[in-house]
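Here is a short report on one protein model. It covers a helix, some ring contacts and a surface patch.

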Amino acid sequence: MRYSQIAFILLCFYASSSFGLEVISSSETQKLQEIEQKYNIDSLLISANDKLSTHKKNESDYHALSVEIKSKQTEYEHLVSKLPTRILSRSNLNSFYKELETLVLKIDQLETKYDIDGKSLKREYKSIMAEYDVINNTRTNKDEQLAALKSEITKRVIADVSKPDTVQSVDLDGSTLCSKFQSINDCLKDSESYIVTNTIKTDPFLNERSVLLSYDVIDASMNMSGNLNYKIKMAFKPSYNSKIDSLINEQLGLKSAMITLVSNVAADWFIDGVKIGTGRELFHEVPLGQHGILASYHSEDKSSVEFIQGNGVFSYNFNNTAQNNDMVTLPKSEHKKQTMKMKPKPTDMLNSNVKASTNKPKKSMQDKGYEYFMGIEPATTEQEESFDSSPSAKL
């Protein structure tokens, strides 16, 4: 009795390479660790990020100082406008002059502080940017060393896989679900193509052009439910491919990642001291590795040093008070009153029609001429004159 075959389901798939091919060798791993230690920028980033955060707060204080100066200047102009009246009235002139003098000295004090603080902020910002320049130069030197190491690794791997006697052996332990009515050999035969294809996909040294040199079933057993467990040994001719290159880049940190910066307000965003934009959600591409991220909103800052290993989302939320400041209130002069046009009452419409009909002389059907023939009434005086002068109206 023959039974139709039932498609197998792969339940478990585990492969291990028994050959000595390595994407990065132990000596190359040691070189990578030495480069990481030599060009470590963690402490530099933390220091520069903290200084940038303090600088943003100082900028906010500097802006508040300018607002205070303008307020005092307005107060001074108001007092000066009263000066002629006070002189003519000769009432409490000494106290008035004293108040005016105190205000002038206060404005001079604030303006002097404003000038000093402005120069200090420029020096402070220049110093912070110099620290970030050191960080970026260190990062550039590190990338150069990593690129050189990658070149060494690539040459070594290509030489290894190009040797005539190089074989990539794969020991595979797996299981699959077969039909209860299939033999072990039939089930293994049906699953062979799938097993080989998945082995090629998961092994970095294999691709679709890899040649299968051998395929040996070491052990296999199936229970009464159709679960087949097997051990298979395969051998391929390896080759250098894009999977190896991607693994090298990933392990050396030579890839970039797309990060998403999210806030509950329209914040100013800085990465490594450079402003990248303003908004509630920004997208930015950065190289893998350590980066300083800072979000600034009004006088409040949020910052951290992050180790970017791949695409990710970084959220910096501010308090509700700051969020409410995003709302812009228009000046009262720009507010427009909304008026509702009321529909006329039926009685009003009737009265208006009656008045119009009594005040205006009626036209006979013959006088209406063309417009009567077309079934329309003139909407304007010009149309009425045009209709009256039409040939049909003269008939």
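Buried means under 20% relative accessible area, with only protein chains counted and a 1.4 Å probe. The model is predicted.

**Helix 4.** By that cut-off, the buried residues of helix 4 are Cys-187, Leu-188, Ser-191, Ile-195, Val-196, Asn-198, Thr-199 and Ile-200. Ser-191 is also where helix 4 bends, by about 45°. The helix runs over residues 184-202, which is 19 residues. At 1.5 Å a residue it should span 27 Å, and its end C-alpha atoms lie 25 Å apart, which agrees.

**Aromatic pairs.** The structure holds 4 aromatic pairs. Two of them are tabulated here.

| Pair | Geometry | Centre to centre | Angle between planes |
|---|---|---|---|
| Tyr-62 and Tyr-114 | stacked | 4.2 Å | 10° |
| Trp-269 and Tyr-316 | edge-to-face | 5.7 Å | 70° |

Tyr-114 counts as partly exposed, because its relative accessibility is 29%.

Trp-269 belongs to strand 5 (residues 256-271), while Tyr-316 is in the loop between strand 9 (312-315) and helix 6 (320-324), so this pair ties together parts 47 residues apart in sequence. Trp-269 and Tyr-316 are both buried.

**Surface patch.** Which residues make the nonpolar surface patch? They are Tyr-76, Val-80 and Val-104, and the patch is about 210 Å². Val-104 lies in helix 3, residues 93-162. Its relative accessibility is 38%, so Val-104 counts as partly exposed.

Definitions and conventions. Residues numbered from 1 in each chain as written. Predicted model: local features only at pLDDT ≥ 70, side-chain atom pairs only at ≥ 80, totals over all residues. Heavy atoms only, no water. Patch = residues over 30% accessible without salt bridge, like charges linked within 9 Å, V, L, I, M, F, W, Y side chains within 5 Å. Areas by Shrake-Rupley, 256 points an atom, 1.4 Å probe, with all protein chains shown as cover. Salt bridge = Lys/Arg side-chain N within 4 Å of Asp/Glu carboxyl O. Helix = DSSP H or I, 4+ residues; strand = E, 2+ residues; numbered from the N terminus. Buried < 20%, exposed > 50% of the residue type's maximum accessible area, 1.4 Å probe, protein only. Expected span 1.5 Å × (residues − 1). Bend = angle between axes of the 7 residues up to and from the residue. Phe/Tyr/Trp six-rings, centres within 6.5 Å; stacked < 30°, edge-to-face > 60°.
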